[in-house]
Amino acid sequence: MEKIRIQGGHDFRLKGDVRISGSKNAALPALAAALLTGEPVTLRNIPLVKDVFSMLKLMRELGLESALQGTDLTLKVPRILSEEASYNLVKLMRASFLVLGPLLARFGKAIVAQPGGCAIGLRPVDLHIAGLQRLGANITLEHGYIKAEADRLQGADIRFEKKTVGGTEHLVMAATLARGETVLRNCAQEPEISNLCELLVKMGAKIEGIGEETIRVVGVDQLGGADHEIIPDRIETGTFLVAGALTRGDIRLTGTEPAHVPTTIDKLRYSGATIDVDGTDIRVQGSDEIRPQDVTTSPYPGFPTDMQAQFMALMTQAAGMSIITETIFDRRFQHVNELLRLGAVIEVIGDKAVVHGRTPLSGAEVTATDLRASASLILAGLIASGETIVNDVEHIDRGYERIEEKLRGLGARIERIRD
Ligand code: UD1
């Protein structure tokens, strides 16, 4: 079992430059999109994180041929070897469920394990399924597997009951090869969805309303290859911005997209940090006085649920009380108990966490329960006095590329150790 060991301290400040990797959440649906064509699809700026490798493993079982050179990945699915995505791979990562729609749209059949429980609460796929049924798929659930069949999907007018990132991505992909027009309403508007749509357009899809709440797709008979760049990771960006503010440091993030982190920048500025944007660089300078503030997670462009845990670590150092409300996922406060072990004072009441700052943190052994929770614990460890050990580090590797090396490059005393 690998762990992360941090030697932290209240006076520790991060300094220097850090390069932001490609977006995990944009790369995963882009990989699934390669199933829609027999031609090669090249994706650039791929993050070398565990979730990407899990998705490649699953897609290889389906017939994927792939070649990775640096961060450029070429994918080709000339024919299908199996239309079944097994539970032992789907359970590793929910986003792998996204192979269902593309398989169905191109080959007329798909069998994909129903994703199971998840560390951050109930995460159903009912909206994905209902949407695919509206596109004419015949869907049955047998022995934990979702079996979908359709001779050819048919365009439809579909309104999402609730904004869903994966659901929007799934239906846009499926609709590209459906007969006729599909109108998707109340779509999620995350930049990762737009990045996927731009890839699909390069592959020959007809999509209007990219980035808007209503997306129109006119189906085509087949899609072709494309060369596409994955956007920078806005959650890794936000995590390093919080790291700069929390350690009262002075760091510059390079290769990122400032336009994708509007609320995180606003919140950090309000908390007292100085943030300067210059093209694809963002410089953050932390302030000695951190102002408390309330944060409510909401769909893009609102404050991201994927930044909630990291922001909570920052608020433990604010001068006063902050209320953090989680509206996207239930049970997404599992980092709270671990932050308490480091000396934070936080109460959870329903979907709210009340953080009483400022409390000095003292290093301890803590256990990460999900990807963003582990990021929050690493951040807290930077300013906790003495040694912090973060267990179960495989969570962090799912979505952050070499986080300990990047932090070490900024002066942190952090290393990966083995039991
Ligand atoms: C994606 C991100 C994840 C992020 C989340 C919200 C990827 C790979 N993951 O997850 O990091 O935290 O968006 O920004 O991009 N819901 C239903 N039924 C459905 C689908 C979703 O009720 O069929 C609910 C979910 O339980 C949740 C809400 O809708 O309460 C939003 O979930 P969704 O946007 O679908 O999240 P993901 O796409 O799974």
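Mentor: Contact means heavy atoms within 4.5 Å. By that cut-off, L43 touches A30, L31, T71, D72, L73, L75, L199, H228 and I230, leaving out residues up to four places away in sequence. This is a predicted model, in which local features need pLDDT of at least 70 and side-chain atom pairs pLDDT 80 or more, while totals for chains, interfaces and linings use all residues. Numbering runs from 1 along each chain as its sequence is written, and side-chain values use heavy atoms, with hydrogens and water left out.

Trainee: Which residues touch the most other members of the largest nonpolar core?

Mentor: L43 is one of them, with L31, L36, M59, V99, L153 and L200. The core holds 76 residues. A nonpolar core is a set of buried Ala, Val, Leu, Ile, Met, Phe, Trp, Tyr and Cys residues joined through side-chain atoms within 4.5 Å. Helix α1 (residues 24-33) gives the most to this core, seven residues. A second, separate core has 63 residues, including I6, I251, V295 and F303.

Trainee: What makes a residue buried, and what makes it exposed?

Mentor: Relative accessible area under 20% is buried, over 50% is exposed, and in between is partly exposed (1.4 Å probe, protein chains only). Take T305: its value is 11%, so T305 is buried. R402 has 39%, so R402 counts as partly exposed.

Trainee: Where is T305, and what does T305 contact?

Mentor: T305 lies in the loop between β18 (295-296) and α10 (308-315). Helices (H or I, at least four residues) and strands (E, at least two) are DSSP runs, numbered from the N terminus. Leaving aside neighbours within four places in sequence, T305 contacts T297, E326, I328, F329 and R332.

Trainee: How do you know that T305 makes polar contacts with E326 and R332?

Mentor: A polar contact is a pair of N or O atoms within 3.5 Å; within protein, one must be able to donate a hydrogen and the other to accept it, and residues adjacent in sequence count only if both atoms are side-chain atoms. The side chains of T305 and E326 meet at 3.0 Å. Those of T305 and R332 meet at 2.7 Å. Both values fall within 3.5 Å, so both are polar contacts.

Trainee: What else is found in the loop between β18 and α10?

Mentor: P301 is there. The peptide bond from Y300 to P301 is cis, with omega near 10°. Another cis bond joins G357 and R358, with omega about -10°.

Trainee: Why is the pair F303 and F311 called edge-to-face?

Mentor: Rings of Phe, Tyr and Trp (its six-membered ring) pair if their centres lie within 6.5 Å; planes under 30 degrees apart are stacked, over 60 edge-to-face, the rest tilted. That rule gives one aromatic pair. The ring centres of F303 and F311 are 5.3 Å apart and the planes stand at 70°, so the pair is edge-to-face. Both residues are buried.

Trainee: What makes R291 a charge over the ring of Y270?

Mentor: NZ of Lys or CZ of Arg must be within 6 Å of the ring centre and within 35 degrees of the ring normal. The charged end of R291 sits over the Y270 ring, 4.9 Å from its centre.

Trainee: How do you know that β15 and β17 pair?

Mentor: Two strands pair if DSSP finds at least two bridges between them. Four bridges join β15 (residues 250-254) to β17 (residues 281-285), and the two run antiparallel. Strand β16 (residues 274-278) has five bridges to β17, also antiparallel. Q285 of β17 is the bridge partner of D250 and of T274. The hairpin of β16 and β17 has two residues between the strands, and G279 there takes a positive phi near 60°.

Trainee: Why are β6 and β8 called edges?

Mentor: Their open sheet has four strands in the order β6-β7-β9-β8, with mixed pairing. β6 (84-85) and β8 each have a single partner strand, so one side of each is left without a neighbour in the sheet. Five bridges join β8 to β9, running antiparallel, and T140 stands opposite K147 in β9.

Trainee: Which residues of α5 are buried, and what do they pack against?

Mentor: In α5 (residues 126-134), L127, H128, I129, G131 and L132 are buried. The buried residues pack against α4 (100-107), β8 (138-142), β9 (145-149), β10 (157-159) and α6 (165-176). Just after α5, G136 takes a positive phi of about 100°.
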